[in-house]
Amino acid sequence: MTERLHEALDRVTRVRGVRGVLLVGLDDGLVVADAVMEGVRANAVAALAASLVQRLARATATSGIGQPGFLHLEAERGALLTLAVRERLMLVTVAEPGVNVGLVRLELLRAGAEVR
Amino acid sequence: MADDIRSLTANLAHDPDSLAFLQLGEALRSAGRLDAAVRVVQTGLERHRGNADAHDLHARILVDAGNIAAAADAWGRALALAPRHVGALKGLAFLAFQEGDIDTALDRLETALSEDPSDPSVVQALQAVREEGARLEAEIRLRAGADIFAGFEGADHGLLLLNERGLVLGGALRDPADDDVAEEVAGYVAGAAREATRAARLLELGDWRSLVVEAADGHLHVSLPTPDTVLLVKRERAVPPGRVGLLARRAATAARVWVEAQR
Amino acid sequence: MSRTRVVEPWLAGPLEHFVSESGARLTLILTPAGQVLAQHGFTRAVDVMSAAALASGIAASTGELARLLEGGAFRALSHESQRHGVFLSRFASPRGPLLALVVYGYESSIGLVQLFFEELVTDLAAAAPAAPPRAPVLAADFERELNESLATLFR
């Protein structure tokens with residue numbers, strides 16, 4: 001899995017505005033694999049993104065719409081995007097504001113296929 | 001600026017039949033020399049009566065001079081010559097908005113946007129007018145004693161306003177079995193909103209604007225209409241995320257009006 | 001009411017910040033010898049004493065294991081059960097080496113605990129006053145200090 005996964009992660013980072021992509025354990029918030037630019041704190045991204053998804057998972061489950069698949073946090077100076085790729089694993093991307101969310105989503109789905 | 005005006009004046013003097021008067025008129029308008037700008041444009045219009053850009057410029061100078069009725073006529077002439085002239089559409093939308101005619105302003109701006117989807121000033125104006133429209137609607141509903149989200153699509157099952165501590169302020173949330181899940185979900189969503197704030201702060205992303213979650217059977221859209229309230233919109237998976245975003249923006253405006261009225 | 005208790009005041013701010021950010025349920029800061037300097041979340045002295053003794057023992061035994069394996073000291077240990085996670089780490093401070101024992105539940109994760117533990121270590125280093133002169137520790141002194149510490153921690 002490793003080499004193909006890293007190639008897939010690299011493809012995500014080639015989308016303009018993407019500052020990094022990580023494969024993260026949903027329960028432990030730890031980095032499994034990553035391709036991030038200098039200055040991106042991979043451990044912080046992983047821990048915080050996992051915590052956010054965990055909290056939202058309770059809201060989606062109670063609302064009766066199932067588990068979160070794709071998440072997009074849009075902020076003033078950037079965005080955080082996550083995609084559930086396999087049981088208890090997720091891909092996380094940190095991006096500049098105005099990034100093409102559709103394209104990132106597509107590349108995350110492709111990268112996710114390498115994890116399965 | 002003075003050099004520009006001198007050079008543009010020289011260009012026009014060199015070729016009085018050219019369209020150089022448009023640039024000169026614009027430069028004079030920007031410099032606040034409105035009388036001179038009007039004279040230049042009126043002279044130009046004598047030679048180029050069928051030029052919609054000239055009428056648009058004339059109208060903008062008239063607006064700056066405070067002559068709104070004459071500006072409306074000038075934009076009307078521009079539109080008669082070029083029915084999809086973006087400048088004239090924006091101008092007339094602005095006048096309609098000033099008069100409180102939100103629908104006409106929206107019509108004009110939407111036509112302008114369809115002509116030039118990349119014009120950021122049209123996009124911004126459209127957003128501001130929609131926001132104002134939603135605010136006015138919310139005020140009318142509030143005066144009539146209606147609920148925060150009365151009249152909104154899905155108000156009885158998928159729109160919820162809560163405070164930052166997770167207590168429900170208004171709206172309703174039901175699961176697919178039609179059970180009321182508002183209070184329980186409000187607690188979780190308030191926690192998620194706090195977590196989003198912390199993540200955005202620690203990852204140096206600044207203030208967050210929206211949190212969109214696509215789940216297996218639906219979407220959640222979370223935003224902060226005011227610093228101490230959280231808005232949740234829930235929709236079925238079939239509803240496009242863009243539409244959920246539009247609805248969330250309108251609902252956020254209604255929520256702001258409601259919160260303001262409670263203070 | 002704060003559930004954080006400290007023997008020395010400079011520990012309070014960093015510990016409270018750590019607990020609030022990491023969502024830890026229980027936290028102990030102690031010396032490698034097992035003397036507790038600060039705690040959050042424990043309600044009974046006997047639990048603090050047991051946890052401190054066990055943490056100190058585990059740190060000592062894994063340290064010895066690392067020495068036997070010649071692989072350098074273990075930085076941290078982490079265990080997870082269905083309901084709780086436990087994180088034990090040795091760290092340097094201006095007051096000498098210390099241990100932290102953190103117990104967290106489903107509302108947190110090892111990722112969050114590790115993330116904010118890094119901050120805790122930095123904050124403690126910044127907050128620590130100059131070390132007092134060290135006197136030889138006698139068994140009687142240790143017993144008295146321990147009792148005083150526990151009294152302070154459950155004041």
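Predicted model: local features only at pLDDT ≥ 70, side-chain atom pairs only at ≥ 80, totals over all residues.
**View 1. Packing of helix α1 (residues 12-22) of chain C with helix α3 (residues 110-127) of chain C.** The two helices pack at an angle of about 165°, with their axes 9 Å apart, which means that α1(C) is roughly antiparallel to α3(C). The crossing of α1(C) and α3(C) is right-handed. From α1(C), the residues C:P14, C:L15, C:H17, C:F18, C:E21 and C:S22 take part, and they meet residues of α3(C) including C:L112, C:V113, C:F116, C:F117 and C:L120. By class, the residues of this contact comprise ten nonpolar, two polar and three charged.

**View 2. The largest nonpolar core, with 75 residues.** The residues with the most contacts inside this core are A:L48, A:L80, B:W208, B:L211 and C:F18. Helix α2 (residues 42-63) of chain A supplies the largest share of the core, twelve residues. A second, separate core of 24 residues includes B:A74, B:L92, B:A96 and B:L109.

**View 3. Packing of helix α6 (residues 86-98) of chain B with helix α7 (residues 102-115) of chain B.** The axes come within 8 Å and cross at roughly 160°, so α6(B) is roughly antiparallel to α7(B). α6(B) passes α7(B) in a left-handed crossing. Among the residues of α6(B) that meet α7(B) are B:L89, B:L92, B:A93 and B:A96, while those on the α7(B) side include B:A105, B:R108, B:L109 and B:A112.

Conventions: Residues numbered from 1 in each chain as written. Chains lettered and ligands numbered in written order. Heavy atoms only, no water. Axes fitted to C-alpha atoms, helices over the stretch in contact; angles between N-to-C directions. Helix = DSSP H or I, 4+ residues; strand = E, 2+ residues; numbered from the N terminus. Parallel < 35°, antiparallel > 145°, perpendicular 65-115°, else oblique. Left-handed = near helix turned anticlockwise from the far one by under 90°. Contact = heavy atoms within 4.5 Å. Nonpolar A, V, L, I, M, F, W, Y, C, P; charged D, E, K, R; others polar. Core = buried A, V, L, I, M, F, W, Y, C linked by side-chain atoms within 4.5 Å. Buried < 20%, exposed > 50% of the residue type's maximum accessible area, 1.4 Å probe, protein only.
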